[in-house]
Amino acid sequence: FRSREMNTTPFTEDKLVSNTDPFLQFDSWLKDATHSDPHCAKDACLASGAKDGTISNRFISMDSFSDDGFVFYTSTEGRKAKELEDNPHCAMTFYWPALRRQVRIEGTALLSDEPGSEEYFRKLSFDKQVVLNVLAPRQSQVIKEQVRVELARVCEQMSAEYQRSGEPVPKPPSWKGFQITPTWIEFHQAHDNFFSDRLVFTRPSRNDKWELKRLAA
C-alpha cells in the first residue's frame, strides 16, 4: 500500500456517505479513484472457483454497477465464464494504490440480460470489435505460435472487409455479461503504518438489509 498520497486520517463510520447503502460509498470512492487514475479505476481482480475447488483469478474491467450489483462482460467460452456458470460464488477486489484503498466484494455471479452485452459491444472501438469477433470464440484455448499469427491475419482481413462494406461488426454470440450480486462489500483504507480501517457491509441475501461492521486490520 505504499503511495505518493499518504492518508493518515482515520476512516470512521461518520465519514461514510451512507450507513445503510454500500453502493453510495462505492460510487464516492470510484469517483475519487477515477480522478486519481482514470484509465484503471474500474479494473478489478476477479476470483472464481471450479467444481473441484481449484481457484483462479484475473483482472477484468467493470462496465457498470447499480443497486442490483456489478456488471462486466466476457466470452462465455473462457475459463472464468465456465467456472462462474458451474459455481457462481466469486470474489472481486478493486485496488487503488494511489489512494491506499481497496474494495473487497463477495457474492454470486449470473449471466445478465442480453441487451446489455450488445450495448456494451457497440461502445467499443471498431478495432476491438473486430478482435473480439476473432478471439471470443477461442478464449482460453491452447494455441501454437503460428495460430496466433494466423488469427492476427484474420483480424486484418475482417477489418478490411467491414471497412469496405460499411456494415456494423456483429457481436459474437459468446460475448455476454455477468452481474455479481454482492453479500459482502468491504471498504479498506490503509495508512502509512500497518494500521488500517476496514468497514464492511454484509447481508445474507439480496433481499436482506445491509449490516455495517468494523473489522480489525
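Colleague: At roughly what angle do the axes of helix H4 and helix H5 cross, and within what distance do they come?

Modeller: First, a word on the source: this is a predicted model, where local features need pLDDT of at least 70 and side-chain atom pairs count only at pLDDT 80 or more, while totals for chains, interfaces and linings use all residues. Residues are numbered from 1 along each chain as its sequence is written, and side-chain values use heavy atoms, with hydrogens and water left out. Now the helices: H4 covers residues 126-135 and H5 covers residues 145-165, and their axes cross at roughly 130° and come within 9 Å. That makes H4 oblique to H5.

Colleague: What do "axis" and "oblique" mean here?

Modeller: An axis is a line fitted to C-alpha atoms, for helices over the stretch in contact, and angles run from 0 to 180 degrees between N-to-C directions. Under 35 degrees counts as roughly parallel, over 145 as roughly antiparallel, 65 to 115 as roughly perpendicular, and the rest as oblique. The helices themselves are DSSP runs (H or I, at least four residues), as are the strands (E, at least two), and both are numbered from the N terminus.

Colleague: Which residues of H4 and H5 make the contact?

Modeller: On H4, they include Phe 126, Val 130 and Val 134. On H5, they include Leu 151, Val 154 and Met 158. Contact means heavy atoms within 4.5 Å.

Colleague: Which residues in H4 are buried, and what covers them?

Modeller: Gln 129, Val 130, Leu 132, Asn 133 and Val 134 are buried. Buried means under 20% relative accessible area, exposed means over 50%, and partly exposed is in between (1.4 Å probe, protein chains only). The cover for the buried residues of H4 includes helix H3 (114-123), H5 and strand S6.

Colleague: Let's move to S6, then. Why is it described as largely enclosed?

Modeller: S6 is residues 175-190, and twelve of its 16 residues are buried, so the rest of the structure largely encloses it.

Colleague: Which strands does S6 pair with?

Modeller: Pairing here requires that DSSP finds at least two bridges between the two strands. S6 pairs in the antiparallel sense with S3 (residues 69-75) over six bridges, and Phe 72 stands opposite Phe 178 there. With S5 (residues 101-111) the pairing is also antiparallel, over eleven bridges, and Gly 107 stands opposite Pro 182. S7 (residues 196-202) runs antiparallel to S6 and is joined by seven bridges, one partner pair being Glu 186 and Val 200. S6 and S7 form a hairpin with five residues between them.

Colleague: You mentioned S5. Is Gln 102 buried or exposed?

Modeller: Gln 102, which is found in S5, counts as buried because its relative accessibility is 13%.

Colleague: What about S1? Which strands does it pair with?

Modeller: S1 (residues 43-49) runs antiparallel to S2 (residues 55-66), with seven bridges. Five of the seven residues of S1 are buried, so it too is largely enclosed by the rest of the structure. S1 and S2 form a hairpin with five residues between them, and Gly 53 in the turn has a positive phi of about 95°. S1 also pairs antiparallel with S4 (residues 89-96) over five bridges. Ala 44 has Ile 60 as its bridge partner in S2 and stands opposite Phe 94 in S4.

Colleague: And what comes of S2 and S3?

Modeller: Those form a hairpin with two residues between them, pairing antiparallel over four bridges.

Colleague: Last topic. How many disulfides does the search find?

Modeller: Zero, across the whole structure. For Cys 40, the nearest cysteine sulfur is that of Cys 45, 14 Å away. The cut-off for a disulfide is a pair of cysteine sulfur atoms within 2.5 Å.
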